[in-house]
Amino acid sequence: MKIFVDTANIEQIKEVASWGILDGVTTNPTLVAREKKAFVDLIKEIHSIVEGPISAEVVSLESSGMVDQARRLAKIGRNIAVKIPLTKEGLKAVKILSREKIMTNVTLCFSPSQALLAAKAGATFISPFIGRLDDISHEGMNLVRQIKQIYSNYGYPTQIIVASIRHPLHMLEAAQIGADIATVPFDVLEKLFKHPLTDIGIDRFLRDWRGLPEKDKAF
Ligand code: E4P
């Protein structure tokens with residue numbers, strides 16, 4: 001499974017890139033607004049760090065406006081995936097952009113039938129929002145299972161990005177289901193590394209190592 005980081009924060013992106021596990025980045029208007037930087041400059045800065053897909057979202061509600069904004073964003077680099085909301089206007093834009101070979105990430109997906117339509121329109125990625133479904137007492141991960149089955153029934157190439165991840169178990173379940181990608185907030189990625197037995201194990205090994213005579217420690 002590919003791992004994207006779900007942030008527009010440059011320090012966080014650099015940090016995750018340094019861990020050697022970063023396959024891409026997703027942003028959204030909320031995440032961008034937190035950074036207090038000009039949108040296009042911020043996406044260009046992310047582009048200078050990350051080689052994999054970088055999602056940047058349009059804000060127009062009409063297909064013609066979405067297509068114009070998408071074309072401008074796509075000029076930043078070939079790895080820009082334009083995020084388009086899952087509406088009728090959005091899917092019209094996706095169809096046009098897919099003919100132009102501009103990558104699209106169809107966002108705010110909350111049902112399997114929406115995901116089917118996005119694949120038919122030619123979306124490169126579909127983003128089911130798991131945490132927001134859990135928030136309203138729906139089993140978010142079921143949506144990922146349903147989309148996975150539908151896409152495999154018909155061989156749609158649209159890649160599933162499990163989005164709105166809130167904790168490590170979401171990421172684990174996404175991998176067990178076989179989702180293509182999980183986009184994970186920075187704090188959740190940090191938690192994935194942690195295990196108390198790892199820390200205890202390192203402490204014990206180093207304590208025992210200290211017992212070795214100095215002359216025998218060189219290597
Ligand atoms: C995905 O692309 C979105 O940016 C993100 O996962 C939304 O997460 P949230 O529901 O925690 O805002």
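Biologist: Is K83 buried or exposed?

Modeller: Compare its relative accessible area with the cut-off: buried means under 20%. K83 has 3%, so K83 is buried. Keep in mind that this is a predicted model.

Biologist: Which side chain does K83 meet in a salt bridge?

Modeller: That of E57, at 4.0 Å from N to O. The pair links distant parts of the chain. K83 sits in strand β4 (residues 80-85), E57 in strand β3 (residues 54-57), and 26 residues separate them. E57 has a relative accessible area of 12%, so E57 is buried as well.

Biologist: How many salt bridges does a search of the whole structure find?

Modeller: Nine. One of them joins K92 and E89, with the closest N and O atoms 2.7 Å apart.

Biologist: Where do K92 and E89 lie?

Modeller: Start with the general idea. An α-helix has 3.6 residues a turn, so residues three or four places apart point the same way. Now the case here. K92 and E89 are both in helix α5 (residues 88-99), three residues apart, or about one turn. K92 is partly exposed at 45% relative accessible area. E89 is partly exposed too, at 24%.

Biologist: What about K217 and E214, buried or exposed?

Modeller: Take each partner separately. K217 counts as buried, at 16% relative accessibility. E214 is exposed, at 62%. Their side chains meet in a salt bridge of 3.0 Å, N to O.

Biologist: Which residues of α8 are buried?

Modeller: G140, M141, L143, V144, I147, I150 and Y151. They pack against several elements, including β5 (103-109), α6 (112-121) and α9 (168-177). Just after α8, G155 takes a positive phi of about 70°.

Biologist: Which residues are around the ligand?

Modeller: D6, T26, N28, K83, F129, R132, A163, S164 and R166.

Biologist: Which polar side-chain atoms lie by an oxygen atom of the ligand, and at what distance?

Modeller: Look for pairs of N or O atoms within 3.5 Å. R132 has a polar side-chain atom 2.6 Å from a ligand oxygen. For D6 the distance is 2.8 Å. For R166 it is 2.9 Å. On its own, the ligand has 340 Å² of accessible area, and the protein covers 85% of that.

Key:
Residues are numbered from 1 along each chain as its sequence is written. This is a predicted model: local features need pLDDT of at least 70, side-chain atom pairs count only at pLDDT 80 or more; totals for chains, interfaces and linings use all residues. Side-chain values use heavy atoms; hydrogens and water are left out. Buried means under 20% relative accessible area, exposed over 50%, partly exposed in between (1.4 Å probe, protein chains only). Helices (H or I, at least four residues) and strands (E, at least two) are DSSP runs, numbered from the N terminus. Contact means heavy atoms within 4.5 Å. A residue is near a molecule or strand if one of its heavy atoms lies within 4 Å of it. A polar contact is a pair of N or O atoms within 3.5 Å; within protein, one must be able to donate a hydrogen and the other to accept it, and residues adjacent in sequence count only if both atoms are side-chain atoms. Accessible areas come from the Shrake-Rupley method with a 1.4 Å probe; for residues, only the protein chains shown count as cover.
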